[in-house]
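Student: Could you walk me through this structure, starting with the overall picture and then going into the sheets?
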Amino acid sequence: MVHRLAGLLALALVAAACITGERPVLVDETVPTEDSTSAVTIGDQAGVGEESAETVPTDSLPLSEPDPSLPARALITPTGVVVPVLETTDEHYAITTPCGGTSTLVWGTPIRTATVAIDPGHGGDESGAVGPNGLKESDLNLDVARRMARILEREGISVVLTRTADYRVPLAVRAEIGNRLESEIMISIHHNAPNGADSTEPGTEVFVQSGSAESARLGGLIQEEVVNALSLFEDIEWTTANGAGAIAVLNSDGEDAYGMIRRPEMPAVLAELGYLSNPSEAALFLTEDYRNVAAQAMADAVVRWLETDDPGSGFEDDRTFNPSGGTGGSIGCVDPALE
Ligand SMILES: [Zn+2]
């Protein structure tokens with residue numbers, strides 16, 4: 001396959017440490033670190049004006065590295081938070097904070113490119129759905145996103161996560177991360193509520209951009225891969241909504257209804273993998289098996305989108321829906337520590 005290693009260094013999953021002395025950034029603390037050998041250590045101080053030293057384990061040396069002349073378009077802060085970079089000066093990075101404010105940082109690991117932006121839905125005080133077993137959608141989305149990112153990284157596809165821990169990020173900032181990085185695609189990961197009707201197969205829904213054939217193709221591929229993969233789990237009492245599938249959802253003004261579909265400037269989709277509100281599915285979602293299978297299915301769809309012209313399947317007619325709002329904004333948002 002074509003290796004898409006440019007930007008691999010940017011991946012927010014690896015342990016990144018600045019050799020110039022600040023403490024290591026450990027972004028991914030809760031999942032197995034089978035990729036720890038690919039950890040790349042880059043020191044980068046904004047504007048020092050000289051090449052920063054870097055240490056790359058020889059067993060994982062990327063075949064190609066991001067062009068160091070590319071500007072830093074996002075930054076992994078010393079606390080492991082990914083933020084958009086507005087400007088790099090001799091003294092600092094000007095950044096958008098997770099809550100959408102502006103600030104400056106002297107230290108961080110620059111991200112120059114990322115083919116795929118993965119957006120783990122919700123976070124912080126906005127947990128999203130909560131399963132009857134107490135599982136929070138924000139935690140589940142993040143774990144599946146991390147696993148998906150790790151799989152893509154192994155395929156040589158560079159990835160950025162719009163959220164790396166349990167903090168709130170308004171939709172505008174999530175989209176800005178992908179937009180500044182000029183990612184080829186953006187994928188929001190969610191789990192659904194409330195329950196639909198009983199179903200013999202997963203009630204996966206993938207929302208696509210109404211005006212984009214490539215968003216539709218990505219949505220169809222994710223729908224196909226996820227439904228096929230999850231259908232292999234036995235004894236699950238699935239639920240579904242009427243007309244579930246790869247669909248465009250428009251508000252009554254005829255615009256794409258969801259912010260994470262409307263805001264990204266590239267083909268984007270939002271996947272509701274299953275129903276966290278359903279006890280049978282919520283129990284499944286607690287398992288490592290589910291999280292690995294879901295992540296692999298999503299990654300397989302991305303690879304097919306990048307490397308084939310496969311059309312995908314599971315398309316349904318457009319739906320009209322007016323989101324009531326209330327979450328995804330910046331009011332009341334508290335930034336996590338950035339350094
Ligand atoms: Zn959600």
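The chat below goes from the whole chain to individual strands.

Student: Before we start, what kind of model is this, and how are the residues numbered?
Tutor: This is a predicted model, in which local features need pLDDT of at least 70 and side-chain atom pairs count only at pLDDT 80 or more, while totals for chains, interfaces and linings use all residues. Residues are numbered from 1 along each chain as its sequence is written.

Student: OK, how many helices and strands does the protein chain have?
Tutor: The protein chain has six helices and 16 strands, where helices (H or I, at least four residues) and strands (E, at least two) are DSSP runs, numbered from the N terminus.

Student: And what share of the residues is buried?
Tutor: Of the 339 residues in the protein chain, 51% are buried; a residue counts as buried if 20 or more other C-beta atoms, placed from the backbone, lie within 10 Å of its own.

Student: Which strands form the open sheet, and in what order?
Tutor: Five strands form it in the order β6-β5-β4-β3-β7, with antiparallel pairing; two strands pair if DSSP finds at least two bridges between them. The edge strands, each pairing on one side only, are β6 (102-105) and β7 (109-111).

Student: What packs on that sheet?
Tutor: Helix α2 (residues 171-181) does, touching β3, β4 (82-88), β5 (93-96) and β7, where contact requires C-beta atoms, placed from the backbone, within 7 Å. The direction of α2 makes about 55 degrees with that of β4, with axes as lines fitted to C-alpha atoms, for helices over the stretch in contact, and angles running from 0 to 180 degrees between N-to-C directions.

Student: What sits between β5 and β6?
Tutor: β5 and β6 form a hairpin with five residues between them, and G100 in the turn has a positive phi of about 100 degrees. These two strands pair in the antiparallel sense over four bridges, and I95 stands opposite S103 in β6.

Student: Switching topic, how many residues of β10 are buried?
Tutor: Strand β10 (residues 185-192) is mostly covered, with eight of its eight residues buried. On one side these are I185, I187, I189 and H191, and on the other M186, S188, H190 and N192.

Student: Which strands does β10 pair with in the parallel sense?
Tutor: Strand β8 (residues 116-120) pairs with β10 in the parallel sense over five bridges, with M186 in β10 as the bridge partner of A117. Strand β15 (residues 268-275) also pairs with β10 in the parallel sense, over six bridges, and there S188 stands opposite L270 in β15.

Key:
Buried ≥ 20, exposed ≤ 12 C-beta atoms within 10 Å, placed from the backbone. Contact = placed C-beta atoms within 7 Å.
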